[in-house]
Amino acid sequence: MKNLLRSLCLLLLLTTYAKAQNLHQLKGRTIDTASTTLLNGATIAVLNAKDSTLVKFTRSNENGNFEINGIKNGKFILLVSYPKYADFVDEFTLDSTQQIKDFGKINLVGTATLLQDVLVKGNRNAIKIKGDTTEFDPKAYNIEPNAKVEDLIKQFPGIQVDKDGKITAQGKTVQKVLVDGEEFFGDDPTLVTKNLRADMVDKVQLYDKTSDQAAFTGIDDGQKAKTLNIKLKEDKKNGYFGKLEGGYGTKDFYNSQALFNRFWGKKKFSAYGILSNTGTVGLNWDDSRKYGSDNNVQVGDDGGIYYSYSSSGDDFEDFNGQYGGRGLPTARTGGLHFDDKWNKDNESLNTNYKIGYIRLKTVSEDLSQNNLPNGIINNQSNQNDDKDVLRQKIDATYQIKLDTTATLKLSINGANNQGSVLSSFNSSSTDGNNNPLNKSERKLSNNTDEQNFFISAFLTKKLKKNRRTFSLNLSQSINQNKANGKLFAENTFFETTGVRDSITNQLKINNIKNNAFTSNATYTEPLGKSLSVIVNYGLNLTDGRADRRSFNLDGNANYTVLDNRFSSDFKLNQVSNQGGLVFNIKKTKTTVNFGSKISAVNFKQIDLLGGNSVNRNFINYFPQATYQYRFSQQKSLRLSYNGNTSQPTIDQLQPLTNNNNPLNIVVGNPTLKPSFRSNFNGSFNDYKVIKDQSLYFNVYYSFTNNPIVSDVTTDTQTGKTTSRFVNITKAQTDYFLYASFSRKLLDVNVGLNLRASGNKGYNFINTNLNETLNNSFSGALRVYKYVDGKYNFYLNGGPSYNVSKASIGNLANNNGWVFNGGAGGRVYLPAKFEISTDADYNFRGKTPAFNQTFSQFIWNAYLSKKFLKSQGLKLTLSANDILNQNTGFTRSAFNGNITQNTVNTIRRFFMFSIVWDFSKMGGSTPIQKK
Amino acid sequence: MKKILMFLSLMAFCLSNTTAYSQNAHFVKNGIIEFEKKANMFAILKRKIDKDNESYYQPAYDAYKRDKPQFRTSKSTLYFNQDKSLYKWPEEEQMASNFGFDKDFLVEIKNTIATNFNNQTSISKKNMFEDTYLVTDSLRKIKWKITDETREIAGYNCRRANALIMDSIYVVAYYSNQIAVSGGPESFTGLPGMILGLALPHENVTWFATKVTEVAVPEKDLMPPTKGKPTDNKGLGEIIKKTMKDWGTYGRQAAKALLL
């Protein structure tokens, strides 16, 4: 009895223990029913019955036995599988009544309970189909707003979708479902839900896809897989956005812009207009992307985004739409843009029309010191310009992808510029003892009408062999410039023999035409795994005529008498053949390239009035070599050499004689020979991302053999100069050294850079050889911090010291200190207020040549507040050059000349402006800048 | 009676023997698997366009779509035996920068992962810019959902399993029970067989085996990586958080890839 009790207690204890653990053991034996063979290695998996997740698994041993321990109470599925056998599936429940579950013999046969009947699943997206390429247009079918793709496909003729979502078409199973070319796996709705909605579908294609192996090797192995490709619609982009900006300020400053952009499907139309006298002459960078065209974008192999930006190269067009030149501009500009893509984006058209009128007022003052072997000449001059320009430009680009390997781009553009300028100019020169040498007063009026036309074709083709490519670029340009102007000049020379006056009053008619054809064909051939060779050839033809005539007054006060001295009519023909061969070696860490381009140039200039002609042949060399080593992804060293022949320009050989400035006469030198320049460049950079630390060095050195230098003779009596160009045997040199280091210190980015640059050059001053040495040393410190959406600030600045030395006329030099600095910041305040300010400081110390210091502090600031839920409305109060110190000052030294210039600029004004960004785009949030 | 018993057992022996030859499957227990990783760049890059960057990303995206292929593929290898596996990438042929419009961490990342199936741990070498980390941790516990969908990959019949990892990444894996090792590409393991196909459908990246070679793998080919600053997953997570806290979407994408 005692024993019985004891054993009962033990039993109770045991059961409670078992209950507490609730852990069970499963066991069984896998066997082939037909042959009664024990199957070893069968996979036995225990899944949760509620969600089919895997709990535990094992494999049967050599005797077909298996054992799984540690399974808790619950409902499970036993899944036994064995290669080439049907799955065995059994649902079972484990509870406390039974600690060991023995499945006994598990018979694996050809037929068994189908797993799919017991698995927990949502509506799966697996699909089955049959057929040749067939396309279905969903628009022809009824789709509920949130219908799934299966619901759509079900409606297509000849296709059945069963209750599991499996699709069959024409009796065959679809093996792969693609969405936009990528395999579609289908979501498990119990894990994620991102349904593909039927209204997102553009079209459904059904076709036989060759096996991946066949696609890879190009050998058709005859294996076709039924494939269903679901093409989604491009983002619904129908709508418009735009911007209206108006600002008015003190001193009648204004700045207003209206921009509008509408798009539907793949078409885009935009228009803009600008009225401003604050320096805004075009769209800024961001706006020109949004409202303009951008088919000139490419993504390089290194992942960089490359914009090719074409500009007419004058002050009125810079990348950010800001006027960069001298004087005060008043601009009225506008533009239209249209682009479209079709044929699966394989073809595109992009057109633009721009019109701009700009009025420019410039008032400038120059002070210069001309150092001569026997003294100095001081010059002082004032110039006033009034310039009006009306420009129109139209362009169109058509691009077509001919096949997967070839692209053709055709561009055409035409431009017309009409301008008129009215300049008045007065100057006076004195010698070192302040004795007057000359005095000049000039008035020049000129009307110009310029037409440009340009057409080009660019073909790129990848050939069958990997890395073998071909490209061809052809272009033709036609430029014509007609000018019609009057020159009135009064020059007074204070000669020892007395005062002499000279008056010029002429009508000038110029007609200049230029046609140019350029071509370049490039072929790249791989020579092994890492070596390739690039061969190119180009033929360039230039054909031009420059007819410039000056007329003096006749007895009837009409400009009819041709002044032969100041008239010319030149015809220019230039033929250039260029060939190149460059080898390129790319290895894991090393890239090397070397080679050369050679061009043979013949040019012929005929003076149709004088009968002289210049006919010259040049062979120009352009050798190059680069070595690059990448230590790691963000650390690299690069060394390079390139050399180039520079042939003398046509103006150096045979310039046109003009008397626009009678105090400066230019003479040609037909015997000039080309010079050769060699450039050496080295750089090293190391960027540590995690530390946010960067180190960068750059060294540059160049020398020019047989340089072409200026030879200026100044008449010390009159101050009149005659200049021409000559070769000398001495080499001119340039160097540049730069180092920068930056890293994060106390959560603020701190950077330091040091720079030294200089050159040694030569020129002739009154037949004496002058050697100039210029050196400039500077250092700067910068600090910045950027906290997204809160604030940011920067501070930078540092001194520099300039040393310039001329071997002639060392009476006065321009050695001295300069300090440049800047600071700025922006704070995002509550209630959508924003305050921003920036300042630039510039100081120039006294130099022996200029006995005064110069400093200016240009400080700008604005305060703005955004309104509306979209933050689309913004009011801004801004102040430009608060301290009114912008004087447009520059100082420079060149060839023994030291010049200081001031020009009128936009100075202090205050402005109030409203900007409204509006948009309506298929219900999405409005586009707006931060 | 005895004779009959003898005869029966002999029969059984003979039968079992012959059937063993004809029926018992051959299980692969060691070998080399070549994987092809495929990334749908069109979809990946499209996700990067937002309203702050669209003025320059959209045209760049259009240009990319015009000039570049839709898929970027790369090859990796898994060496395995019953105890261990080593997943690795070939030496890079071209060293490119980490930054660029078409650079995505999940596409570019090349981790070396050594897995020990016996003690359920792994040692992974992960490159993060200039630093290399050696992450030692236990294997990720993945709650696989077994399905009845099957497909053939590299000649092996595979069964599909789905899972959700790191709270948000949907994973589809195809495993074959004919390879008796519970391994797989990258850090994915834990299925009753070898993973021969892997997809992160919403990240638009897949890994599929192209070739399975059954061969004895020498120990030296299974040696875990040794270079790198030692840490574990938690430590790496903290380093990533600290480095990329101001990096926005790019940082989140990078973190996802590095912790995968």
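Is Glu525(A) buried or exposed, and at what relative accessibility? At 15% relative accessibility, Glu525(A) counts as buried. Buried means under 20% relative accessible area, exposed over 50%, and partly exposed in between (1.4 Å probe, protein chains only).

This is a predicted model: local features need pLDDT of at least 70, side-chain atom pairs count only at pLDDT 80 or more, and totals for chains, interfaces and linings use all residues. Residues are numbered from 1 along each chain as its sequence is written, chains are lettered from A and ligands numbered from 1 in the order in which they are written, and side-chain values use heavy atoms, with hydrogens and water left out.

**View 1. Overview of chain A.** Chain A has six helices and 50 strands. These are DSSP runs, numbered from the N terminus: helices are H or I with at least four residues, strands E with at least two. Of the 930 residues in chain A, 39% are buried. The accessible surface of chain A is about 48,400 Å², and carbon and sulfur atoms hold 55% of that area. Accessible areas come from the Shrake-Rupley method with a 1.4 Å probe; for residues, only the protein chains shown count as cover. Take the contacts in chain A between residues at least 6 apart in sequence: 62% join residues at least 24 apart. Contact means heavy atoms within 4.5 Å.

**View 2. The salt bridge of Lys465(A) and Glu525(A).** The closest N and O atoms of this salt bridge are 3.9 Å apart. The pair ties together parts 60 residues apart in sequence, because Lys465(A) lies in the loop between β26 (436-462) and β27 (469-495) of chain A and Glu525(A) in strand β28 (residues 498-526). Lys465(A) is partly exposed, at 40% relative accessible area. A salt bridge here is a side-chain nitrogen of Lys or Arg within 4 Å of a carboxyl oxygen of Asp or Glu. The whole structure has 27 of them over all chains.

**View 3. Further salt bridges in chain A.** Asp51(A) pairs with Lys50(A), with the closest N and O atoms 3.9 Å apart. Asp51(A) is buried at 17% relative accessibility, whereas Lys50(A) is exposed at 64%. Lys688(A) and Asp686(A) meet at 3.2 Å, N to O. Lys688(A) is partly exposed at 24%; Asp686(A) is buried at 12%. A network of salt bridges links Arg545(A), Asp547(A), Arg549(A) and Asp569(A).

**View 4. A nonpolar patch on the surface of chain A.** The patch has about 800 Å² of accessible area together, and its residues include Tyr791(A), Phe793(A), Leu829(A) and Phe912(A). Patches are made of residues with over 30% relative accessible area and no salt bridge: like charges are joined within 9 Å, nonpolar side chains (Val, Leu, Ile, Met, Phe, Trp, Tyr) within 5 Å. Strands β43 (791-806), β44 (816-829), β45 (833-844) and β50 (909-921) each supply at least two patch residues. Phe793(A) sits in β43 and is partly exposed, at 34%.

**View 5. Nonpolar cores.** The largest core has 79 residues, and Ile33(B), Trp144(B), Phe188(B), Leu191(B) and Leu196(B) have the most contacts inside it. Strand β9 (residues 169-176) of chain B gives the largest share, seven residues. A nonpolar core is a set of buried Ala, Val, Leu, Ile, Met, Phe, Trp, Tyr and Cys residues joined through side-chain atoms within 4.5 Å. A second, separate core of 22 residues includes Phe66(A), Ile68(A), Val80(A) and Tyr85(A).
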